[in-house]
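Visitor: Please show me the model, and then let us go through it by questions and answers.

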Amino acid sequence: MKPLLSGLALALSLACAPALADDTVSAEARALHERILTLDSHLDTPSFFGRDGWDILQRNDTPPTASQVDLPKMIEGGLDGGLWVIYTGQRGRTPEDDRAARDAGLVRLVEIRELLAAHPDSFELALTADDAARIRDAGKRVVYISIENASPLSADPSLLALYHRLGVRVLGLVHTSNNDFADSASTPPEWNGLSDKGRALVAEANRLGIVLDHSHASDAVFDQLIALSKAPIILSHTGADAIHEHPRNIDDARIRTLAEHGGVILVNSLGSYLIDTGATPAYQSDLRALYERFGGRANLSEANYDEFDRLRGELDAKHGLKKATLDDYFAHILHIIEVAGPEHVGFGADWDGGGGVVGLEDVSDLPKITERLLEAGYTEAQIEAMWSGNLLRVIREAQAVAVADASATR
């Protein structure tokens, strides 16, 4: 998730991007895209919900409130909804830090619920797999709630039951640093996968019917989730190591294992996970210095996101970083489909959390994905499965596991 490039920063970064052929969307693809149910598994847009001047009912294109997702863009791009994220940055792990994370997670949850209460004609909370089609057919956008980084639960893991009662249906254990529950893919291992506390949280998620999300966690965590979880898992926003080797991506053997266990990988569109951007040691040094200006990455606050984004965009342009394109994104998509099969693939582009590539800048561009899938020879049924059916199947199966376990213990 954060920090991301948005508004002016995104414009600056795209200015040095390679030219891309115009992706026109055929009438056939547009009609298909409008017929099917479309969900994205990682919408970081709730980070905007508390910002002055941002309105989800309006098109937000001007910094500092420029976002990749709002209702007009969703309508234009035929996006019916998705997983709306409670993101909490990983700071320290003192009792004070744990309490701050607890409060931040609850505030974000309240903000999502406030949006639902304020706009009942446009958005509705989804709690089961069957809710998505019903909400879409009623002319509203679908809001599943997910957690990215379990740090709000560190002080009191039993809070997961409260989050579940208030609508959470997906749980990502960790972000870019290790926490009390699991090792991150981005830092040296501390637990060699899951901690004992993390294993207990996996069991509690299974009991509640919450889908477990591996994205951002280490390979060892993946292996242990596969072994421990009674329900299939997802990777809500992850790419293919075979296309671009990166700690945040996953290898083909694990993609096959995921599919064998009924899981789904939903493909990320964050550029540095898709290609080698050419970040040199000099760039990395300048980037570290930029973070230090804001007190370090762990201490970067939402109040500083817009200024950081602007300066990060200028830094990327100064160093001539390469920009990923829709072609690069599709290289990951098509490879993952080939390895996993279309029954185990979806889309989690990390909108408003760093995602978006040249040719796919916001959710209004999403019909281009459907166009390319048609061109690649996939059927309408397969395309709808990738756009929503596969994710909904895992939600349904996780809830069925919880019901079966509850019945068995009576």
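Visitor: Are Lys323 and Asp316 buried or exposed?

Guide: This is a predicted model, in which local features need pLDDT of at least 70 and side-chain atom pairs count only at pLDDT 80 or more, while totals for chains, interfaces and linings use all residues. Residues are numbered from 1 along each chain as its sequence is written, and side-chain values use heavy atoms, with hydrogens and water left out. Buried means under 20% relative accessible area, exposed over 50%, and partly exposed in between, with a 1.4 Å probe and protein chains only. On this scale, Lys323 and Asp316 are both buried.

Visitor: How far apart are the closest N and O atoms in the salt bridge of Lys323 with Asp316?

Guide: A salt bridge here is a side-chain nitrogen of Lys or Arg within 4 Å of a carboxyl oxygen of Asp or Glu, and the count by this rule comes to 32 salt bridges. For Lys323 and Asp316, the separation of the closest N and O atoms is 3.6 Å.

Visitor: Which polar atom of the backbone lies 3.1 Å from a polar atom of the side chain of Ser47?

Guide: Ser47 is found in the loop between strand S1 (39-43) and helix H3 (71-77), where Ser47 is buried with a relative accessible area of 1%. At 3.1 Å from a polar atom of its side chain lies the backbone oxygen of Asp44.

Visitor: What is the volume of the largest cavity?

Guide: A cavity, on a 1 Å grid over the protein atoms alone, is a set of points where a 1.4 Å probe fits but cannot get out, and lining residues have an atom within 4 Å of a point. Grid points are joined across faces, edges and corners, and a volume is the space filled by probe spheres set on the points. By this rule there are two cavities of 30 Å³ or more. The largest cavity is lined by 13 residues, with His214, Ala217, Pro247, Arg248 and Asn249 nearest its centre, and its volume is about 60 Å³.

Visitor: Which strand gives the largest share of the lining of the second largest cavity?

Guide: The second largest cavity holds about 40 Å³ of space, and its lining includes Ser41, His42, Ser146, Glu148 and His237. At least two lining residues come from each of S1, strand S4 (141-148) and S7. The largest share, three residues, comes from S4.

Terms used
Helix = DSSP H or I, 4+ residues; strand = E, 2+ residues; numbered from the N terminus. Polar contact = N/O pair within 3.5 Å; in protein donor to acceptor, adjacent residues only side chain to side chain. 1 Å grid on protein atoms, 1.4 Å probe; cavity = no way out; pocket = protein on both sides within 12 Å on 5 of 7 lines; lining within 4 Å.
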